[in-house]
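Dear colleague,

Please find the structure below, handed over for your use. My notes on what was found in it follow directly after.

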Amino acid sequence: MQSEVKNYLLSRGKAPLDYVLGKFEDHDIVLLGEMHYIRQQVEFYHRLIPLLPEHGITLFATEFGRREDQALIDELLGKKEFDVALAKRIMLHQEAFWGYREYLDIYRLIWEQNRKNSPDRQIRCIGLNDPYNWRLYNKICREQKRKPNAEEVKVIWKDCDEKNWLYALNKYHVPGETKVLGIMGLHHAFTSYHEPDYTEEGGRKVFAGFKQVRFGNHVYEEYGDGVCNICFYDPWEGREVDAPSQAPGGGIIEEIVSPHFSELAFDLKGSPVGELFDESVYSLGYEDFRLKDIADGMIYTCRFSEFKNVTAIPDFIDADNLQEFRDYAPFNDMTDKSCAEINRAIAEWADIW
């Protein structure tokens with residue numbers, strides 16, 4: 001098996017940009033699933049964005065913007081000058097602590113492309129993320145000194161369902177006419193794979209059914225083989241509660257690729273790489289879990305030891321948006337802190353590599 005995997009990777013693997021763009025030859029929608037916080041992965045989007053218009057890919061769907069803020073996203077991308085404050089606002093709304101330069105630069109790069117390209121090559125950025133009502137949550141916490149009750153939680157979580165991500169996409173996607181690149185966390189991008197729930201018993205994670213239905217599952221149900229799901233080569237959780245993260249497929253991929261390529265993309269479905277057995281948390285509920293079960297393809301960006309953190313924006317929270325941060329910070333977190341304390345926390349949370 002290992003020799004087959006090696007032969008395939010070294011002879012059939014492709015440059016990641018060519019690989020992703022090539023998938024649009026027979027797919028209308030390509031979803032990239034990331035781990036978060038890894039600079040090389042976000043910088044891959046940076047390299048990909050300028051190539052999209054010339055390949056007829058004009059819809060860019062992102063977890064890192066909310067459906068409710070679509071008008072703000074459209075306003076940002078239509079401005080004559082790039083508005084950093086507005087970009088920060090869009091990012092803060094979808095996750096109050098998401099103050100990272102590389103993610104903000106996604107919007108900047110789309111804006112730059114739209115300044116250069118003709119009207120038929122403009123990139124439409126579609127916000128997918130849910131409109132959690134953190135203002136109400138925090139108002140209850142502050143004014144009544146308690147957590148919201150069950151009925152209030154229903155209001156706070158109203159319309160927060162990944163089926164609504166599909167509806168947001170369908171406002172702009174016309175099958176057979178438009179092509180969509182989606183970027184999001186790995187779990188949102190699952191298509192034919194179903195994410196297991198689990199409980200913790202005796203230091204192990206124990207399968208507890210398939211209750212989660214992700215955005216990619218909904219997209220796949222509607223569009224079938226017109227959708228391609230590509231994951232990044234990331235550390236995956238083990239099945240033991242306190243076990244360290246592990247390499248997909250037991251680490252063979254990095255062992256083979258790293259001496260020969262700085263980065264590489266390859267198929268999982270229909271390839272020897274996809275036949276690699278895996279015992280991560282993703283195998284729960286599957287009798288014979290293989291890499292081909294989780295995604296169509298994979299992008300190796302570097303060795304795990306070479307991962308770099310995304311870059312915190314030093315003044316992401318400032319005097320102008322501090323109150324807005326206090327409204328949108330999940331679970332009332334750090335809403336009594338200063339700008340300097342909040343920005344320091346944002347930098348520390350990204351420091352995982």
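How many of the 8 residues of helix α2 (residues 16-23) are buried? The count is 6, and α2 is therefore described as mostly covered, where buried means under 20% relative accessible area, exposed over 50% and partly exposed in between, with a 1.4 Å probe and protein chains only.

Before the details, a word on conventions. This is a predicted model, in which local features need pLDDT of at least 70 and side-chain atom pairs count only at pLDDT 80 or more, while totals for chains, interfaces and linings use all residues. Residues are numbered from 1 along each chain as its sequence is written, and side-chain values use heavy atoms, with hydrogens and water left out. Helices (H or I, at least four residues) and strands (E, at least two) are DSSP runs, numbered from the N terminus.

The buried residues of α2 are P16, L17, Y19, V20, L21 and K23. Their cover includes β1, α3, β4, β7, β8 and β9, contact meaning heavy atoms within 4.5 Å. Helices α2 and α3 pack at an angle of about 65°, and their axes are 11 Å apart; axes are lines fitted to C-alpha atoms, for helices over the stretch in contact, and angles run from 0 to 180 degrees between N-to-C directions. The crossing of these two helices is right-handed, a crossing being right-handed if the near helix is turned clockwise from the far one by less than a right angle, and left-handed if anticlockwise. On the α2 side, P16, L17, V20 and L21 meet F44, R47 and L48 of α3. By class, this contact of α2 with α3 has 6 nonpolar, no polar and 1 charged residues. Here Ala, Val, Leu, Ile, Met, Phe, Trp, Tyr, Cys and Pro count as nonpolar, Asp, Glu, Lys and Arg as charged, and the others, Gly among them, as polar.

**The sheet**

An open sheet is formed by 7 strands in the order β3-β2-β4-β1-β7-β9-β8, with mixed pairing; two strands pair if DSSP finds at least two bridges between them. Its edge strands, each pairing on one side only, are β3 (124-129) and β8 (264-267). From one strand to the next, the twist averages 25°.

Strand β1 (residues 29-34) pairs with β7 (residues 227-232) in the parallel sense over 5 bridges. Within β7, C228 is the bridge partner of V30, and C231 is that of G33. Strand β1 also runs parallel to β4, joined to it by 6 bridges, and V30 stands opposite L181 in β4.

**Helices α5 and α6**

Helix α5 is largely enclosed by the rest of the structure, because 8 of its 11 residues are buried. These are L86, A87, K88, I90, M91, L92, H93 and Q94. The elements that cover them include β2, α4 (70-78), α6, β3 and α12 (322-328).

Helix α5 packs against helix α6 (residues 101-116) at an angle of about 120°, with axes 10 Å apart. The two are therefore oblique to each other; angles under 35 degrees count as roughly parallel, over 145 as roughly antiparallel, 65 to 115 as roughly perpendicular and the rest as oblique. Helix α5 passes α6 in a right-handed crossing. In this contact, V84, A87, K88, I90 and M91 of α5 meet Y103, L104, Y107 and R108 of α6. The classes are 7 nonpolar, no polar and 2 charged residues.

**Two single residues**

Q113 lies in helix α6 and counts as buried because its relative accessibility is 7%. Leaving aside residues up to four places away in sequence, Q113 touches I49, P50, P53 and I123. E54 lies in the loop between α3 and β2, and counts as partly exposed at 49% relative accessibility. The C-alpha atoms of E54 and N117 are separated by 9.4 Å, although these residues are 63 residues apart along the chain.

With kind regards
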